[in-house]
Amino acid sequence: MDGRKFLKLLKEEVHKAVVGKDDVIELLAIALLAEGHVMIEGVPGVAKTTIAKSFAQVLGLKFSRIQLTPDLLPADILGTVYYDQSDGLWKIKKGPIFANVVLADEINRAQPKTQSALLEAMQERQVTIEGRTFPLEKPFMVIATKNPIEFEGVYNLPEAQVDRFMLNIKIGYPTREEEVEMLRKKDRGELGEVGRIFSREQIVRMINEVKRVKTSEEVLHYLYEIVNETRKDERLIVGASPRASEHLLYASKAKAFLEGRDYVIPDDVKFLAVPVLAHRLLIKAEHEIEGIKGEDIVREILERVEVPI
């Protein structure tokens, strides 16, 4: 399927349940086609969960939601072994991680050992239960949500886990027009369930097409220079990792596909640099106090790195 047509149909169908948020829908599509995972940050009530659920339903993918809490254990996510008295055998009960799109709601409420249970699944596309390894069905995508304003009863995510999220998407309040339109549709009962308009097989084919998108030497060097600048910035404790370079490349290829191209251009890289890189940067305390954020640093870097012609 043509990338432009796919994105157009996806947005139209998701809009049956959500008003606006075109940029969020596009970034989710990019992560899916680039085989990446997404962290969505936003205050309660800005439709984080609704967007994720509608996104999976439209794509015809198996969806599961994990409501993360401090008492949740790794086995609650991965699955466990149980004894079946009916036939006298030990069996595996698979957990909610066995889905195509997994929504990890309020991921920072789970304790570190539970958060780390997601690491193998996110990186290796497999999970281990009682010494047995189970591959996860393709495609596999984790969409985690995080409430950035709560500080009680929450845990910081391990840096290794943060680095495994290809994109970090921040959802703010809707515009005046969007919120009034949302209220209008709610009043008329026009916001409801979305339909399934794609299949898993179609998504897998598009993922394979994205892998064939080409990237020139000039664009590869441009991408490297952006990432390398984060490592030289004196305001940072840690810059972006080589995994960040890979994620930026794969996401740029998916962006090109959705634009109907079979090659990456610098604008694809620029479009994705902030959501791919900003959340990985560790800012020194003295600069963090001044209000400097990862997004600000990445935008400064984009301004000074020369764009190839």
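**Model confidence**

The average pLDDT of this predicted model of the protein is 89, and 98% of the residues score at least 70. Among the elements, helix α11 (residues 242-258) has the highest mean pLDDT, 97. The lowest mean, 76, belongs to helix α7 (residues 159-162). Where pLDDT is low, the predicted coordinates should not be read in detail.

**Overall fold and dimensions**

The protein contains 14 helices and 11 strands. Its radius of gyration is 20 Å, which agrees with the value near 19 Å that a compact globule of 309 residues would have. Along the principal axes, the C-alpha atoms fill a box of roughly 70 × 45 × 40 Å.

Contacts between residues at least 6 apart in sequence were also examined: 79% of them join residues at least 24 apart.

**Burial, surface and charge**

Of the 309 residues, 50% count as buried. The accessible surface comes to about 15,400 Å², and carbon and sulfur atoms account for 50% of that area.

The protein carries 45 positive and 50 negative side chains. The centres of these two sets are 5 Å apart.

**Proline 112**

Proline 112 is part of helix α5, which covers residues 112-115.

Tyrosine 155 lies 43 residues from proline 112 along the chain. In the model, the C-alpha atoms of proline 112 and tyrosine 155 are separated by 7.0 Å.

Definitions and conventions. Residues are numbered from 1 along each chain as its sequence is written. This is a predicted model: local features need pLDDT of at least 70, side-chain atom pairs count only at pLDDT 80 or more; totals for chains, interfaces and linings use all residues. Side-chain values use heavy atoms; hydrogens and water are left out. Helices (H or I, at least four residues) and strands (E, at least two) are DSSP runs, numbered from the N terminus. The radius of gyration is taken over C-alpha atoms; the globule rule is 2.2 Å times the number of residues to the power 0.38. Buried means under 20% relative accessible area, exposed over 50%, partly exposed in between (1.4 Å probe, protein chains only). Contact means heavy atoms within 4.5 Å. Accessible areas come from the Shrake-Rupley method with a 1.4 Å probe; for residues, only the protein chains shown count as cover. Lys and Arg count as positive and Asp and Glu as negative; His and the chain ends are not counted. The place of a charge is taken as NZ of Lys, CZ of Arg, CG of Asp or CD of Glu. pLDDT is the predictor's confidence in each residue, from 0 to 100.
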